[in-house]
Amino acid sequence: MVAGPRILVRHGLGEYPVIIRPGLLDDLDSLAEEVLPGRRLVAITDRNVARAVPPTLKCPFLVVPPGESSKTRRRWADLTDQLLELGLTRQGALVAVGGGVVGDLTGFVAATYLRGIPFLQVPTSLLAMVDASVGGKTGLNTKHGKNLVGAFHPPAAVAVDPLAIRSLRSAHVRGGLMEAIKHGVIADAAYYDWIADSTRTLLARDPVAVTRLVTTSVTIKSEVVGADEKEEGRRAILNAGHTVGHALERWSGYRIPHGDAVGIGLHVETVLAEDLGLAPPGTADLLRSRLTALGLTLTLPPASDDDALLEAMHHDKKVRDHALRFALPRAPGLLASLSGAWTTAVSDDSVRQSLGRARTLYQA
């Protein structure tokens with residue numbers, strides 16, 4: 001058995017391990033044989049990862065362009081055609097080596113190829129390590145929004161090597177920290193404070209600090225998704241910051257990176273929680289100081305673009321009966337749960353008001 005601490009993520013058909021260890025990339029062949037014994041492997045990665053992370057798997061690699069533009073039905077069709085040309089059968093398996101885009105795309109290919117084959121997640125971005133690689137969600141983007149075509153397809157395992165982030169640009173490290181701080185906001189006040197206290201070592205990519213960050217975030221997420229695999233209840237808290245964040249991504253043509261969009265979205269939604277009386281005054285200001293300390297520039301489109309932002313929000317998967325619903329914080333480590341629901345219905349007018357107040361805060 002490949003060494004390393006293992007966090008088990010439970011799902012409807014069983015469980016899978018998340019193995020976190022510096023240097024784990026060097027043991028990928030052994031790990032793949034352990035979790036996918038006897039299967040013929042094909043790996044999917046992107047051009048940036050292929051250059052930065054030496055391939056440690058003895059199998060064919062299919063390489064896609066980096067970025068959200070690869071999470072399309074056209075790219076899915078290209079990859080499935082390539083797998084058919086390689087003659088990959090149901091005795092085969094895929095390996096996703098890359099960030100969240102590669103993981104979502106590979107997972108959806110695995111979920112649909114020959115009606116489903118297993119895959120191994122090897123996240124190489126901090127954002128994918130702390131969040132995107134865990135939970136079994138796969139998906140593609142459409143012109144209407146992110147991840148609107150997808151499937152629940154848990155991986156056979158997730159292999160996390162914290163040393164892989166040494167090659168990331170600072171902006172990409174920051175993006176992962178945005179998802180991590182979200183986990184603190186929604187579920188663990190002590191973790192929220194630890195991230196703030198460890199800002200310098202995290203930004204310096206200290207392996208010990210990064211390993212603790214990934215381990216804590218994965219533990220939080222595994223507990224949530226294990227209890228609500230298909231997002232029918234509490235799992236919705238993991239979407240904190242994402243209703244506004246996805247709208248910002250779409251508005252920008254995906255020029256705003258996902259992590260930055262989630263960080264801004266998390267702050268706007270905390271302002272919204274204050275405006276609705278769910279969170280006490282000062283909650284958003286504390287979050288703002290911590291996000292900016294991590295290097296995030298808080299900015300929003302002009303008010304003239306609020307219609308476009310709201311239209312994008314209405315494509316969010318949490319919309320019910322044409323009403324926007326948000327996962328809103330009540331306090332650090334605690335999400336609002338009203339009448340047993342983990343999301344709160346909010347009027348468009350309230351969202352506009354909170355967008356306006358957030359802009360005022362950013363310009364102060």
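A charge sits over a ring if NZ of Lys or CZ of Arg is within 6 Å of the ring centre and within 35 degrees of the ring normal. Keep that in mind for the first two close-ups of this predicted model.

**View A. Arg290 meets Tyr192.** Here the charged end of Arg290 sits over the ring of Tyr192. Look for a distance of 4.5 Å from the ring centre.

**View B. Arg234 meets Trp342.** In this one, it's the ring of Trp342 that has a charged end over it, and that end belongs to Arg234. The distance to the ring centre is 5.9 Å.

**View C. Trp76 and Phe108 form a tilted pair.** The ring centres are 6.1 Å apart and the planes of Trp76 and Phe108 make an angle of 50 degrees, so the pair counts as tilted. This pair links distant parts of the chain, 32 residues apart: Trp76 belongs to helix H3 (residues 73-86), while Phe108 belongs to helix H4 (residues 100-112). Trp76 is partly exposed, at 27% relative accessible area, whereas Phe108 is buried, at 9%.

**View D. Tyr191 and Trp194 form a stacked pair.** With planes at 15 degrees, the rings of Tyr191 and Trp194 are stacked, and their centres are 6.2 Å apart. Both residues sit in helix H7 (residues 189-197), where being 3 residues apart separates them by about one helical turn. Tyr191 is buried, with a relative accessible area of 4%, and Trp194 counts as buried too, at 14%.

Definitions and conventions
Residues are numbered from 1 along each chain as its sequence is written. This is a predicted model: local features need pLDDT of at least 70, side-chain atom pairs count only at pLDDT 80 or more; totals for chains, interfaces and linings use all residues. Side-chain values use heavy atoms; hydrogens and water are left out. Rings of Phe, Tyr and Trp (its six-membered ring) pair if their centres lie within 6.5 Å; planes under 30 degrees apart count as stacked, over 60 as edge-to-face and the rest as tilted. Helices (H or I, at least four residues) and strands (E, at least two) are DSSP runs, numbered from the N terminus. Buried means under 20% relative accessible area, exposed over 50%, partly exposed in between (1.4 Å probe, protein chains only).
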